[in-house]
Amino acid sequence: MSLLVAEGLGYTAAGRVLLEGVGFALEAGEVLAVLGPNGAGKTTLLRLLSGELRPSQGRVELLGRPLERYGALELALLRAVLTQRREVGFPFSAYEVAFLGRLPHLERRAEGPLDHAQTEQALAHTQALPFAPRPYPSLSGGEQSRVDLARVLAQEPKLLFLDEPTNHLDPRHQVEVMALCRRLAGGGLGVVVVLHDLNLAGLFADRLLLLHEGRMVALGRPAEVLRPERLEAVYGLPFALAQHPSGRPWVMPLAQAEPTPVAG
Amino acid sequence: MIALPRSVLRYRSALLALGLLLPAALLLAAGIGAYYIPPWEIPRVLLEKADQAYAVLVSIRFPRVVLAAAVGALLALSGAVLQGLFRNPLADPGLIGVTSGAGLGAAIFIVLVPGAGALQVFALPLMAFVGGLLTTLLVWRLASSGGRVQVLTLLLAGIALNAAAGALIGLLISRATDEQLRSLTFWTLGGYGGATWTTLLAMAPTGLVALWGLLRLGRPLNALVLGEREAFHLGVNLEPFKRQAVALSALAVGTAVAAAGGVGFIGLVAPHLFRLLAGPDHRYLLPGATLLGASLSVLADLVARTAVAPAELPVGVVTSLLGAPFFIWLLLRHKREVAR
């Protein structure tokens, strides 16, 4: 049985079709990257898959059971979601923000030392332990991202949805976040990650899902999806294809800086 | 390493300290007054049940300090919950319209039902309570669309209805006699002067339900700190939760205002003090603010009774005199943080 199945998924808001006919199955241990230009429907897809929005067409099944038959708490015990929002209403410390991931587990029992051990471990995984005692609002964007990632890890999900987790991160931490996704998948998690960086997706994901104007343009292994002609059709920009030393595809946009006329 | 982090110990010791502060404040306030009873003698007086001190304690002081504690607790707790719900540390029970609605209910009764006399003791709190709940209900209806409530719209609807209620109260004031005006003013400023065991009994059912219900909201309020979508992802059933938080807050504030009039600033200040003292975790903040609000209210009433003795200040004057500068200090601090 697949961990997550989407069939003919569509969403219409205020008469505008935001997403249409998206379907795929995600197995445990798999990393699926969702790609596409701005406004292609990536975040909408994530909101449908996480149960936040009800689809206008089609359906989502989690562990063989329709998503709408899950309660909010049941869902929180199975899947965690990292949104793009980084805003905390009160001066919580970074540690306390990460500990919020334990909340679904504390619905029916009091917190114990194990919950804190879990939180600490999650913070260690994202290299956020050194600044855990500091107030979350005082952290840099990249540090906040790592604390938020630790929070969704502390939730101990079977399925992880990440909406642009590499935003605000320097190249090293981008790679480390993606490597962490791989390790988590190795431990049996399913990971759906929205990315803008085609090459990062190509390097670390098992499969890519390319969206364009709310439709699924391609779904498959990186080498099948990252084709220059397809990328040009989607992004409106010519691309060239090369090979990463790992053997994975490596694409680059063929854009050039305009030569600046020198005054005088 | 398996140990509870330092923050948990800080929260727990803050709760413990506040748990000790409240009985101390109660004893102090029960002892001090026109008829002085040394606070440490109170247990002995209660056991011996003999002299005049016992009568003063049981029929005058205890109802008053318990009312002060109950009203402070209800206001502080609903303040903490509403600040969490609006994700805004400057939110106050007044925002959802319950305070001004209760004021309008009271004003209608005082001005339009002349000569109520004996009826006033029961009918005035009832009118205030109903006015508060109806206004909150209206605010809620204005803010909901398709079964969902936008918190920002809720805030704006509260502001609009506060203004409307204020205007109506102003209209009523223009028609009021001098005596009605005095009665209205005294009620608006709030006070625990009329406290009897009957007052306490009358507010017990709604007050206890509100207290019990609100104290259970710590976990979802923590989740909400990250935003509404994130709270759902952490397992919070959003719409029922928001309905509960607003309804129970209205019940709490309605009960408090009906019993004691408009006692300002406790709902705003107590949660803040606890955050400064221990931290923002709502699982500790809610009981902590409740205890702190009760103690503050009891001590403010002590000042109100004794500062200009034998006359008495409305307790609302004391809380506002102390609360307004604190609020301004908060605003300045907030401004600095935003500017940074």
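Buried area is the accessible area, taken with a 1.4 Å probe, that two parts lose on being put together, summed over both.

**View 1. The contact between chain B and chain A in the predicted model.** Between chain B and chain A about 3000 Å² is buried, and carbon and sulfur atoms give 61% of that area. To this contact chain A brings 38 residues, while chain B brings 32 residues.

**View 2. Salt bridges and polar contacts between chain B and chain A.** The two chains are joined by 3 salt bridges, and one of these pairs the side chains of B:Arg283 and A:Glu111, at 2.6 Å from N to O. Polar contacts between chain B and chain A number 9 residue pairs, counted where both residues are at pLDDT 80 or more.

**View 3. The side of chain B that touches chain A.** At least two residues each are supplied to this side by H1 (6-31), H3 (52-85), H9 (218-224), H10 (228-233) and H13 (282-306) of chain B, with H10(B) giving the largest share, 4 residues. By residue class, this side of chain B comprises 16 nonpolar, 8 polar and 8 charged residues.

**View 4. Helix H1(B) and the helices around its buried residues.** The end C-alpha atoms of H1(B) lie 38 Å apart, which agrees with the 38 Å that its 26 residues should span at 1.5 Å a residue. Buried residues of H1(B) include B:Tyr11, B:Leu18, B:Leu22 and B:Gly31. The buried residues of this helix pack against H3 (94-99) and H4 (113-125) of chain A, and also against H2 (42-48), H3, H12 (266-277) and H13 of chain B.

Notes
Residues are numbered from 1 along each chain as its sequence is written. Chains are lettered from A and ligands numbered from 1 in the order in which they are written. This is a predicted model: local features need pLDDT of at least 70, side-chain atom pairs count only at pLDDT 80 or more; totals for chains, interfaces and linings use all residues. Side-chain values use heavy atoms; hydrogens and water are left out. Contact means heavy atoms within 4.5 Å. A salt bridge is a side-chain nitrogen of Lys or Arg within 4 Å of a carboxyl oxygen of Asp or Glu. A polar contact is a pair of N or O atoms within 3.5 Å; within protein, one must be able to donate a hydrogen and the other to accept it, and residues adjacent in sequence count only if both atoms are side-chain atoms. Ala, Val, Leu, Ile, Met, Phe, Trp, Tyr, Cys and Pro count as nonpolar, Asp, Glu, Lys and Arg as charged, and the others, Gly among them, as polar. The expected span of a helix is 1.5 Å times one less than its number of residues. Buried means under 20% relative accessible area, exposed over 50%, partly exposed in between (1.4 Å probe, protein chains only).
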